[in-house]
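Student: Could we go through this structure together? I am new to it and would like to begin with the helices.

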Amino acid sequence: MSKIQNEITGKAYVLGDNIDTDQIIPAEYLTFNPAIPEEYKQFGKYALSSVPPAQSGLPKGNIPFHTDDEFVSPYTFIIAGKNFGCGSSREHAPVALDAAGIKVVIAEFYARIFFRNAVNGGYLVPFECTDRLCDKVCTGDELKLDVPNCKLHNLTTKETYPLNPLGEIAPILNAGGIFSYAKQVGMLKS
Amino acid sequence: MPAMTLTEKILAKHAKSNFVEPGQNIWIDIDILMTHDVCGPGTIGVFKKHFGKAAKVWDPKKIVIIPDHYIFTADKMANRNIDVLREFSKEQNLPYYYDVGTEKYKGVCHIALPEEGHTRPGEVLLGTDSHTCTAGAFGEFATGIGNTDAGFVMGTGSLWLKVPPTMRFVFEGTLPPYLMAKDLILAVIGDIGCDGATYRAMEFDGAGVFALNMEERMTLCNMVIEAGGKNGVIAPDKVTLDFIDSKNKHKVPYTPVYTDPGAKFIYEKVYDISKMQPVVAKPHSPDNKAFVSEVKGAKLDRAYIGSCTGGKMTDFRAAAKIMHGHSVKIDTFVVPATTEVAKGLKSEKMHGKTLEQIFLDAGAKMGDASCAACLGGPSDTFGRLNQAIRCISTTNRNFPGRMGHKEAEVFLASPLTVAASAITGMITDPREYLA
Ligand code: SF4
């Protein structure tokens, strides 16, 4: 649970629309308990393992998120289309992306429960893009995110894209999740 | 005071406020928190981490723990997770823990909740499962949350929530005998898309809805999440109240809540259900709608009848009506949602045979009450799609990998359509088997 940094840099991994939680972390791995640190790491290993190969690592596809025995991927950003994280309520989904080293997801919009889990658990920062970035960014592009100004710089193509402000979730993300936030606003005793 | 929808009124009451409006962030009191074997251990971990090892839950009577997902498996981790639930329930003296291997074991949580009297009109029910929205059928606000939120609720009995705007779906007319609630909700999801209700409430209204029994109403609300909905809701009527009063063994008082005249809906659509047709959702999304007439004849490898969506008595009565006197042509798996449904299959008769006997005589395989292959699960799970085969199923999701193999294809359909298709081995219109 880290507070948001002002600047985040790293490589992009690009996916399409309606990436659901079964694709992010298949049900057969839900027997690991995310509350146990050793098992938390395991989710990184199986993150995105049910995305069909042709849709993995766009625009070309067939780019694995990581090799089978790696726990952490070489990517920092997920760039995706519409309705990212739809499907089940499993918090194992943002956990899996966090465990795999993803710090930021940038999608057109999110399914509600995934979004809440990402923010309240403080696992990653879910930004919304105004352009369809999954058609503009390629897997492997080097990105630099300017958090205070809501701008994404593509260092590979030299393009800059505007992002929607984080709005009401910013204080929760800045606090590091719902527990610290609830303490700040006096809903929970420190 | 401005008019409010049913959902807004329940949320206002639980925020101890006279009025709330869509978009507002509020803190609300929770009536029931439900968790299961997949998300329970993580929730308990969050609770202990933030409230301390010796912490007590906010109210033991308001926490319901129902193991249901990975039950009949040799998987060590899955069984370890049940041990975590068992120990926690003992440590916290939780009266409503439905333990595996005991008389109390139930099966699928969303069906077990009403059977055991944990659903009531006007209440707020949160559960660590996206299909918690099923309970909206009882006129309450019910939605799915993650482990962190659930851990927070466990310690405090409250949570922040954003008030959703309400979409209204009015079903007019009489439901023809070849259609079920499953056809209606698949049609709605196909029309609005799997993100069509994101951050919104879906209220079902109209004579067609109030003519449905509770189980069919649950099927409608169960799948609102497949359109991205936050909650689904149906105003309580006599059918609801009779059901609730017959199950309310804990004698908890409740107050039904209704949408005010003149309340604002962000979207409204009227369906004449007497003119609708059987539908399926094609692979790989619940909104990939097609009429059965458009895909009939497509070859199948397997049929599956079960889950919180399609594993209730009403679903099995429908399937038995079609399967009676026929044999299945493809592997057909029948999984009752709960142990109570399993008992019903052994006792309820049609044409002089129990429903279970009708399925067995038709050549179907019967499983034990649980989620089973609805969400894939460990590789030894009953009915799991371990190869890239094509299945027609009464469940609620057909995303890649949902029922096991990531290249398997799943068609979602009503129990009537699935039963007719099991007999022929290809997608079949149930009208062909309904005299
Ligand atoms: S039956 Fe399927 S959808 Fe229902 S709770 Fe179980 S896994 Fe989820």
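Tutor: Axes are lines fitted to C-alpha atoms, for helices over the stretch in contact, and angles run from 0 to 180 degrees between N-to-C directions. Helices (H or I, at least four residues) and strands (E, at least two) are DSSP runs, numbered from the N terminus. This is a predicted model, in which local features need pLDDT of at least 70 and side-chain atom pairs count only at pLDDT 80 or more, while totals for chains, interfaces and linings use all residues. Side-chain values use heavy atoms, with hydrogens and water left out, residues are numbered from 1 along each chain as its sequence is written, and chains are lettered from A and ligands numbered from 1 in the order in which they are written.

Student: At what angle do helix 6 and helix 8 of chain B cross?

Tutor: The axes of helix 6 (residues 181-192) and helix 8 (residues 214-222) of chain B cross at roughly 20° and come within 9 Å.

Student: Which residues make the contact?

Tutor: Helix 6 of chain B contributes B:Ala181, B:Lys182, B:Leu184 and B:Ile185, and helix 8 of chain B contributes B:Glu216, B:Thr219 and B:Leu220. Contact means heavy atoms within 4.5 Å.

Student: Changing topic, how many aromatic pairs are there over all chains?

Tutor: The count comes to 24 aromatic pairs over all chains. Rings of Phe, Tyr and Trp (its six-membered ring) pair if their centres lie within 6.5 Å; planes under 30 degrees apart count as stacked, over 60 as edge-to-face and the rest as tilted. One of the pairs is A:Phe32 with A:Phe43, which is edge-to-face, with 6.0 Å centre to centre and 85° between the planes.

Student: Where do A:Phe32 and A:Phe43 sit?

Tutor: A:Phe32 is in the loop between helix 1 (21-24) and helix 2 (37-46) of chain A, and A:Phe43 is in helix 2 of chain A, 11 residues apart.

Student: Is A:Phe43 buried or exposed?

Tutor: A:Phe43 is buried, with a relative accessible area of 0%, and A:Phe32 is buried at 16%. Buried means under 20% relative accessible area, exposed over 50%, partly exposed in between (1.4 Å probe, protein chains only).

Student: And what does B:Ala15 touch?

Tutor: Not counting residues up to four places away in sequence, B:Ala15 touches B:Ile26, B:Trp27 and B:Ile28. B:Ala15 lies in the loop between helix 1 (6-14) and strand 1 (25-29) of chain B.
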